[in-house]
Amino acid sequence: MRRLQATILAECMKLHRSKILWITILFFAFIPFMMSLMFFIQKHPELAAKLGMIGTKATIIRLGKADWSSYLGFLTQVMAAVGLIGFGFVTSWVFGREFADHTLKDILALPVKRSFIVISKFILVTFWCVLLILVFWLFGFIFGKIIDISGWTNDIIIEYSITYAQTSLLTILLCTPIAFLASYGRGYLLPMGFVILTLLMANFTGLVGLGPYFPWAIPGLLSVPDGTEGLQLVFVSYLILAFTSISGYAATVVWWRFADQK
Amino acid sequence: MNDIIRTENLTKHYGDVHAVSDLSINVRKGEIYGFLGLNGAGKTTTIRMLLGMIRPTSGTAFIKGIKVYADNTELWKSIGSLVEIPYSYPELTVRENLEIIRRLRFLPDKSSIDQIIDQLQLGPYTNRKAKNLSLGNAQRLGLAKALIHHPEILVLDEPTNGLDPAGIFEIREMLSDLAINHGVSIFISSHILGEISRFATRIGIIHQGKLIQEVNTNDLDKLSRKRLLINSNNINAASLILSQKGFTVNETNDGFLEIKDEEAITRPDRIATLLVNASCPPTLLQVEEEDLETYFLRTIEMSGGVK
């Protein structure tokens, strides 16, 4: 336990002076601002013409009624996509930086098991992503309150908060293959390319009705209203997601332990 | 067993590329073993195999009699290493980088950081970010990370790269002191024989992945070639006289005569007598010893040439 504590602390030290943490927090605070702006325009259609592109976008996207139910549902949907990119970026950075900064060789011949280093990195990624999830939801509420969205009830808030938490946490589980790719690709390029590919594929599989069987589409489908044809999650969906996550974790640990570090 | 580091037919192939082939070496306690080779000779691959970073295709490496493998965490407690160009976390200061290593090495004594900072003369840069260090100071930081836990064994890959002459001297003295006075065994790679011969006790020369020669530094003198250079006002006559006396005489590019015969090298006075008696007195007689780099390149050429 003492050893794991030491590796976690070391990982935190590596992060604490980095600007990346603050950039991701800003990014996850900015997205709800944009979403709330869309809803504000929805509430005030007369502003659409004055706001040019943003106004047009807000008019084109059907956001539903400008109430808390639609707003939180929309934020959850957006989180499923933004989470894929944001959490993928975080994971790529935590694992890929050792290669990009050429510091890996300094942490391999130490009296600490490599698996502890990998676990510590995953713990850091989880805490970081949870922080971003909270930032996103908190700023969503703040901006929602500022633009005075109607229809606030505790039941709606609790219901959507639960769905949001489930969606976000399932998205975190999908970080493990990204960690493997950052290690295998020895940097950021391969994992970030993969993240973009998964985002495209998630949209495509959703369109053709295969979303419930594509791991990276599954978190987003959690918030799809019941009865939507072809987009309902089934038990196998959760198995696929769990398998993907466990495989990614195992591959990362095995890679760190056995691959040649040239 | 006196061998601190031992390899038995250590081999690493990447497809058709034979990075290291059948390498068998041993480093004894308190010895400084210089591992010499050109760039791409297989030095770093060997060092990475010794540190468990690369799995050998065949053969085995032992440190303190224990087989080397990646997660042998007990083994790494007694080893300090520096592999190729030392990099550190760029956004962190010198002290923070050392603090990370202190934690990962489970060193309870926080003053170990100050001690190593003093030892490597990094004091003025303690709070400077690693990305703002000069190459020489980055190298010192790399050495500080390797030495912070007072290791019994040091595995160093070209540790004086980037250091100025004063820095090279200082590191050389420090490593000699560690080996002589503290019994630290040091395996150090380099591509400069002149540099490594000044403090290594034994030298292994690797070329194209193979160990081609192992020599005690004290014996280097005996192995390097010598020649006698001769000049005279009548160089052709001098050449003829010496040839008639059975010497093999060559003419150098500079227009001097060159004799490599043992007799001429050990007794140049006889050559002088010969030439004077034949009314062709020498204007220059000089026994010249090949320098270490020439010896190194010649040794490599004999085993297949420089590629």
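Guide: Take the contacts in chain A between residues at least 6 apart in sequence: 77% join residues at least 24 apart. Contact here is heavy atoms within 4.5 Å. This is a predicted model, where local features need pLDDT of at least 70 and side-chain atom pairs count only at pLDDT 80 or more, while totals for chains, interfaces and linings use all residues. Residues are numbered from 1 along each chain as its sequence is written, and side-chain values use heavy atoms, without hydrogens and water.

Visitor: How many helices and strands does chain A have?

Guide: Chain A has 10 helices and 0 strands, counted as DSSP runs (H or I, at least four residues, for helices; E, at least two, for strands).

Visitor: And what does chain A span along its principal axes?

Guide: The C-alpha trace spans about 65 × 40 × 35 Å.

Visitor: Switching to chain B: how many residues of chain A are in contact with it?

Guide: 32 residues of chain A touch 34 residues of chain B. The area buried between the two chains is about 3400 Å², with carbon and sulfur atoms giving 60%. That is accessible area (1.4 Å probe) lost on putting the two parts together, summed over both.

Visitor: Which three residues supply more than any other three on the chain A side?

Guide: A:Arg17, A:Lys105 and A:Pro111, with 20% of the area chain A buries against chain B.

Definitions and conventions
Chains lettered and ligands numbered in written order.
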